[in-house]
Amino acid sequence: MISRAPKQLGDFGEGLVNYVLIKKKHEVAYVDHVGADLISTFKNQRFAISVKTRFFKSGSKESKMFTIEDSHIEKLEEFSKLFGMKSIFSLVVCLSDIKKIYVIIIPVNLIRGNLKKNKNGYSIRFNEKDIISYRKNKSFDISEWENEMIKDWEFI
């Protein structure tokens, strides 16, 4: 059986970014196009938004880092240019160990000057020290939810 969990997690991330943008007074629509997941308008500006979602399980030894790949940025910028929009990258990060969910929104043109370059793109880390520095950086828009509680439930 093939799990639909990755697709469902991605849909959750898109929905959460949609919610954040609506709360910030954007008009938002879903799109199904290479490079962009959402489009929005705010104060007569139009935005193409790409959303990526990561889920880090409790106790995982996996590095709490995500690479925004160069090819992904290029696809988003191509879409944005084609339709006369500004490019926005959004990352939804679920950290089970600390029971937090972050939505990080950053204009693509600011990724290059604010994140560390690696061979495939730009790294963004999610340890406490990095999150504090992102909050101080006016290039990042960070929303967060705390104390996610999902109890195990067994039924017969």
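Modeller: Let us start with a word we will need: a contact means heavy atoms within 4.5 Å. What you see is a predicted model, where local features need pLDDT of at least 70, side-chain atom pairs count only at pLDDT 80 or more, and totals for chains, interfaces and linings use all residues. Residues are numbered from 1 along each chain as its sequence is written, and side-chain values use heavy atoms, leaving out hydrogens and water.

Our helix is α4, residues 128-136.

Now look inward. In α4, Asp-130, Ile-131 and Tyr-134 are buried, meaning under 20% relative accessible area, with exposed over 50% and partly exposed in between (1.4 Å probe, protein chains only). Viewed down the axis of α4, these buried residues fall within an arc of 100 degrees (taken from the directions from the helix axis to the C-beta atoms), so they line one face of the helix. An α-helix has 3.6 residues a turn, so residues three or four places apart point the same way.

Turn to the other side of α4, and you find Glu-128, Lys-129 and Lys-136 exposed.

What does the buried side of α4 pack against? Its partners are β6 (100-107), β8 (121-125) and β9 (141-146).

Stepping back to the whole chain, 38% of its 156 residues count as buried. Among contacts between residues at least 6 apart in sequence, 59% join residues at least 24 apart.

Methods: Helices (H or I, at least four residues) and strands (E, at least two) are DSSP runs, numbered from the N terminus.
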